[in-house]
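Have the viewer open as you read.

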Amino acid sequence: MTITRKWIEQLRSNCRLRIDAQLEELILAQYGVEPEPYEYSEQDLYEQIRKLISQYNDEHAVYQ
């Protein structure tokens with residue numbers, strides 16, 4: 001299983017995750033292709049992307 005733009009859009013709407021265009025490209029670059037000879041499970045993808053989003057948003061936080 002790989003990540004797609006449609007899957008990312010579902011994360012944005014269903015999970016209410018903050019994913020900007022730069023983060024979307026980063027996710028697609030890392031998880032848009034299967035790591036031969038392995039295959040990502042949906043749970044693997046969700047957990048790895050959740051961690052990536054959290055780390056990215058922490059690093060790019062806008063403080064007021």
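**Overall picture**

Please keep in mind that this is a predicted model. The chain has three helices and zero strands, so the order of elements from the N terminus reads α-α-α. Along the principal axes, the C-alpha atoms fill a box of roughly 45 × 20 × 20 Å. The chain has 64 residues, and 27% of them count as buried. Among the contacts with a separation of 6 or more, 62% are between residues 24 or more positions apart.

**How the helices pack**

Two packed helices are described by the angle between their axes and the distance between the axes. What are the angle and the axis distance for α1 and α2? Helix α1 covers residues 5-14 and helix α2 covers residues 21-31; they pack at about 130°, with axes 11 Å apart. That angle makes α1 oblique to α2, because an angle has to be over 145 degrees to count as roughly antiparallel. The crossing of α1 past α2 is right-handed.

On the α1 side, Arg 5, Ile 8 and Arg 12 take part, and they meet Glu 24, Glu 25, Ile 27 and Leu 28 of α2. By class, the residues of this contact are three nonpolar, no polar and four charged.

The next pair is α2 and α3. Their axes come within 11 Å and cross at roughly 145°, and α2 also passes α3 in a right-handed crossing. From α2, the contact uses Gln 22, Leu 23, Leu 26, Ile 27, Gln 30 and Tyr 31, while α3 supplies Leu 45, Gln 48, Ile 49, Leu 52, Ile 53, Tyr 56 and Asn 57. Here the classes are nine nonpolar, four polar and no charged residues. Ile 27 of α2 is named in the contact with α1 and again in the contact with α3.

**Residues to look at**

| Residue | Relative accessibility | Class |
|---|---|---|
| Glu 24 | 12% | buried |
| Asn 57 | 15% | buried |
| Tyr 40 | 18% | buried |
| His 60 | 39% | partly exposed |
| Glu 59 | 55% | exposed |

Glu 24 lies in helix α2. Which side chain does the side chain of Glu 24 meet in a polar contact? The partner is the side chain of Arg 5, at 2.8 Å. Leaving aside neighbours within four places in sequence, Glu 24 is in contact with Arg 5, Ile 8, Arg 12 and Ile 19.

Asn 57 sits in helix α3. The side chain of Asn 57 reaches the backbone oxygen of Arg 18 at 3.1 Å. Beyond four places in sequence, Asn 57 is in contact with Arg 18 and Leu 23. Leu 23 belongs to the α2 side of the contact with α3.

Further along in α3, whose residues are 42-59, comes Glu 59. At 55%, Glu 59 counts as exposed, since that value is over 50%. The C-alpha atoms of Glu 59 and Arg 16 are separated by 19 Å, and the two residues are 43 apart along the chain.

His 60 lies in the segment after α3. A polar atom of the His 60 side chain lies 2.8 Å from the backbone oxygen of Tyr 56.

**The loop between α2 and α3**

Tyr 40 is found in this loop, and at 18% Tyr 40 is buried. Not counting residues up to four places away in sequence, Tyr 40 touches Met 1, Gln 30, Tyr 31, Val 33, Glu 34, Pro 35 and Leu 45.

The peptide bond from Glu 36 to Pro 37 is cis, with omega near 0°. For context, most peptide bonds are trans.

Definitions and conventions. Residues are numbered from 1 along each chain as its sequence is written. This is a predicted model: local features need pLDDT of at least 70, side-chain atom pairs count only at pLDDT 80 or more; totals for chains, interfaces and linings use all residues. Side-chain values use heavy atoms; hydrogens and water are left out. Axes are lines fitted to C-alpha atoms, for helices over the stretch in contact, and angles run from 0 to 180 degrees between N-to-C directions. Helices (H or I, at least four residues) and strands (E, at least two) are DSSP runs, numbered from the N terminus. Angles under 35 degrees count as roughly parallel, over 145 as roughly antiparallel, 65 to 115 as roughly perpendicular and the rest as oblique. A crossing is left-handed if the near helix is turned anticlockwise from the far one by less than a right angle, and right-handed if clockwise. Contact means heavy atoms within 4.5 Å. Ala, Val, Leu, Ile, Met, Phe, Trp, Tyr, Cys and Pro count as nonpolar, Asp, Glu, Lys and Arg as charged, and the others, Gly among them, as polar. Buried means under 20% relative accessible area, exposed over 50%, partly exposed in between (1.4 Å probe, protein chains only). A polar contact is a pair of N or O atoms within 3.5 Å; within protein, one must be able to donate a hydrogen and the other to accept it, and residues adjacent in sequence count only if both atoms are side-chain atoms.
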